[in-house]
Amino acid sequence: MNTLSSVCVYCASSTKIETVYFEAAKQLGTLLGKRKLRIVNGAGSIGLMRAVSDATLDAGGTVTGVIPRFMVEQNWHYSELTELIEVETMHERKQKMADLSDAVIALPGGCGTLEELLEIITWKQLGLYLNPIVILNTNHYFDPLLEMLQRCVDEHFMRPQHTAMWTVAETPEAAVDLIYSMPKWDKNTRKFAAI
C-alpha cells in the first residue's frame with residue numbers, strides 16, 4: 001500500500017457542466033479530506049476545482065493551489081485555500097503540481113485537463129513521474145480518450161505495457177482505493193519509451 005500525503009487533482013473550471021460531475025468532485029474531495037490528505041490543484045475559484053477544494057477543506061483536509069501570476073491578476077484564483085503558490089508560467093505550474101504530489105487523479109475537464117493528464121502520462125512513460133495516475137471516468141466522460149489510447153497501442157504508437165501507467169476508476173471511492181494500491185512505476189522502463 002502506498003504512503004500518501006498529497007494528491008494532485010486535475011479537473012474542469014467550467015460552471016456549465018452537468019450536476020453528476022459536481023457530485024463526483026465533491027465526493028472525491030470529501031474522501032480525500034477525511035484522510036487528511038493535501039490536495040494540489042490549479043487554484044481555480046469556480047467549477048470542479050472549487051467543488052473539490054471546498055469539499056476537501058470541509059472534511060478536514062488541506063488544499064494547495066498553484067497558479068500563474070497572470071491568472072491571479074485576473075482574479076481567477078480561490079483565496080480560501082490553505083496555501084496559494086504563484087508561479088510565472090503554465091509550464092512551471094504543471095511542474096510544481098507534479099513535484100508536490102504523491103499521486104494524480106484526473107476528473108473530467110476540457111483542453112487544460114486533457115493536456116495535464118496526457119503530459120503527466122508522458123512524463124511517466126519517460127520515467128520522470130513514477131506515482132499513481134488514476135482517471136476518474138465519471139459518466140463515461142473519458143471513454144473516447146481511453147479508446148484513443150488503446151488505438152495508440154493497437155497501431156504500435158505505444159507498447160501494450162504502457163497502458164499500466166494509468167488506471168481507470170468509475171467512482172470516487174474506487175479512485176481513492178487505486179491511488180493507494182496502484183504500484184509505483186519503475187523509471188527503468190524509460191528504455192521502452194520508444195517502439
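T138 is buried, having a relative accessible area of 6% (buried is under 20% relative accessible area, exposed over 50% and partly exposed in between, with a 1.4 Å probe and protein chains only). The model is predicted, so local features need pLDDT of at least 70 and side-chain atom pairs count only at pLDDT 80 or more, whereas totals for chains, interfaces and linings use all residues. Residues are numbered from 1 along each chain as its sequence is written, and side-chain values use heavy atoms, with hydrogens and water left out.

The loop that holds T138 runs between β6 (133-136) and α6 (143-154); helices (H or I, at least four residues) and strands (E, at least two) are DSSP runs numbered from the N terminus. Apart from neighbours within four places in sequence, T138 is in contact with V20, Y21, A24 and P108, where contact means heavy atoms within 4.5 Å. Y141 is placed in the loop between β6 and α6 and is partly exposed, at 33% relative accessibility. With neighbours within four places in sequence again set aside, the contacts of Y141 are Y21, P108, G109 and G110. Between Y141 and P108, which are 33 residues apart along the chain, the C-alpha separation is 6.4 Å.

H140 also belongs to the loop between β6 and α6. The phi of H140 is positive, near 60°, and the residue is not a glycine. Most residues other than glycine have a negative phi. N75, likewise not a glycine, has a positive phi of about 60°. This residue is found in the loop between α3 (69-73) and β4 (83-87), and N75 counts as exposed, with 58% relative accessibility.

In total, the protein has 7 helices and 7 strands, and their order along the sequence is β-α-β-α-β-α-β-α-β-α-β-α-β-α. The radius of gyration of the protein is 16 Å, close to the 16 Å that the globule rule gives for 195 residues, so the protein is as compact as a globular protein of that length (the radius is taken over C-alpha atoms, and the rule is 2.2 Å times the number of residues to the power 0.38). The C-alpha trace spans about 45 × 35 × 35 Å along its principal axes. Of the 195 residues, 50% count as buried. Among contacts with a separation of 6 or more, 71% are between residues 24 or more positions apart.

Helix α1 (residues 19-34) packs against helix α2 (residues 47-58) at an angle of about 35°, with the axes 7 Å apart; axes are lines fitted to C-alpha atoms, for helices over the stretch in contact, and angles run from 0 to 180 degrees between N-to-C directions. On the α1 side, Y21, F22, A25, K26, G29, T30 and G33 meet G47, L48, A51, V52, A55 and T56 of α2. By class, this contact has 7 nonpolar, 5 polar and 1 charged residues (Ala, Val, Leu, Ile, Met, Phe, Trp, Tyr, Cys and Pro count as nonpolar, Asp, Glu, Lys and Arg as charged, and the others, Gly among them, as polar).

K26, in helix α1, is partly exposed, with a relative accessible area of 46%. Leaving aside neighbours within four places in sequence, K26 is in contact with A51 and A55. The C-alpha atoms of K26 and D54 are separated by 7.7 Å, although these residues are 28 apart along the chain.
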